[in-house]
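Subject: Handing over a structure, with notes

Dear colleague,

Please find below the structure that I promised to pass on to you. Have it open beside this message while you read.

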Amino acid sequence: MRYEPDPIEEARRRFAGPVSFMLSAPALEFLPAPKCSEIAFAGRSNVGKSSLLNALTGRQGLARASTTPGRTQELNVFEVGEPLVFRLIDMPGYGFAKAPKDIVARWQALVFDYLRGRAVLKRVLVLIDSRHGVKPVDKEVMDILDKAAVSYQLVLTKGDKIKPTELAKVLAETEAAARTQAAAYPQVLATSAETGFGIPELRAAVVQAGEAA
Ligand SMILES: Nc1nc2c(ncn2[C@@H]2O[C@H](COP(=O)(O)OP(=O)(O)OP(=O)(O)O)[C@@H](O)[C@H]2O)c(=O)[nH]1
Ligand SMILES: [Mg+2]
């Protein structure tokens, strides 16, 4: 019988190994040399990017999360594997944040420049709050990624905050939205950083994207 590796188990093992914070980049020129694949966490302020990164790596407090929208202000780079296999990038949120307008605009420019111009960016996870669905600013980001031909996957966050029937409905709507976008992965994942559901599947998707040559 041929040995078939189980992607969920392989991904669990990958994240059980070394994961560490590398640096915070306030501008693109501070990013490390692009020597491996990168997977980025994008989404509106407060959607749960940092919390999802913590849940994914099984390390609470690795990426800083907070109730104040605008907690993450730089591109935070994390390294997975030793020797290094791929990097995870926790980004500032776009859209509303509790910060002056010009500062929010600066974070947004940083995020958009990174998304458009990073050759080693293998996949972007575009996070969508289960309670709100796809908003115009999410659509704007998806259009940018389509144009730049950067592969991305929509991920519903905070799935624990709504009823399973509502979650199924927003999942179907979000999958329909994904189908209309050129570079979107057709499968949408529903997750909760709080209860952990959907996290093993997300891990498998990230490892698959990160380890692809
Ligand atoms: N119930 C629940 N709360 C969550 C979940 N994920 C995140 N949160 C909460 O949502 C808030 C924002 O989470 P963050 O992870 O800081 O969100 P972010 O997208 O990184 O925010 P910015 O960096 O400010 O853009 C925090 O209070 C989290 O505890 C989840 O799956 N379930
Ligand atoms: Mg954050």
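This is a predicted model: local features need pLDDT of at least 70, side-chain atom pairs count only at pLDDT 80 or more; totals for chains, interfaces and linings use all residues.

Residues are numbered from 1 along each chain as its sequence is written, while chains are lettered from A and ligands numbered from 1 in the order in which they are written.

**The sheet**

Helices (DSSP runs of H or I, at least four residues) and strands (runs of E, at least two) are numbered from the N terminus. Seven strands form an open sheet with mixed pairing, in the order β1-β3-β4-β2-β5-β6-β7, where two strands pair if DSSP finds at least two bridges between them. At the edges are β1 (19-25) and β7 (189-190), each of which pairs on one side only.

β1 pairs with β3 in the antiparallel sense over six bridges, and Ser20 has Glu79 in β3 as its bridge partner. β3 also pairs with β4, again antiparallel, over five bridges, with Ile89 in β4 as the bridge partner of Val77. These two strands, β3 and β4, form a hairpin with five residues between them, and Gly81 in the turn has a positive phi of about 90°.

Further along the sheet, β2 and β5 (residues 121-129) run parallel and are joined by six bridges, and Phe41 has Leu125 in β5 as its bridge partner. β5 and β6 are likewise parallel, pairing over six bridges, and Val124 stands opposite Tyr152 in β6.

**What is buried**

A residue counts as buried if 20 or more other C-beta atoms lie within 10 Å of its own, as exposed if 12 or fewer do, and as partly exposed in between, with C-beta atoms placed from the backbone. Six of the six residues of β6 are buried, so β6 is largely enclosed by the rest of the structure. Both of its faces are covered, because Tyr152, Leu154 and Leu156 on one side and Gln153, Val155 and Thr157 on the other are all buried.

Leaving aside residues up to four places away in sequence, Ala40 touches Ile89, Met91, Leu121, Val124 and Leu125, where contact means that the C-beta atoms, placed from the backbone, lie within 7 Å.

**Around the ligand**

Of the 24 residues around ligand 1, Gly48, Ser51, Ala65, Thr72 and Gly93 come nearest, a residue being near if its C-beta atom, placed from the backbone, lies within 6 Å of the molecule. The shell has five nonpolar, 13 polar and six charged residues; here Ala, Val, Leu, Ile, Met, Phe, Trp, Tyr, Cys and Pro count as nonpolar, Asp, Glu, Lys and Arg as charged, and the others, Gly among them, as polar. Helix α2 (residues 49-57) gives the largest share of this shell, three residues. α2 is mostly covered, with eight of its nine residues buried, and Gly58, which follows α2, has a positive phi near 65°.

**Backbone details**

In general, most residues other than glycine have a negative phi, and most peptide bonds are trans. The peptide bond from Glu82 to Pro83 is cis, with omega near 5°, and Pro83 lies in the loop between β3 (75-80) and β4 (86-90).

With best wishes

Methods: Two residues are in contact if their C-beta atoms, placed from the backbone, lie within 7 Å.
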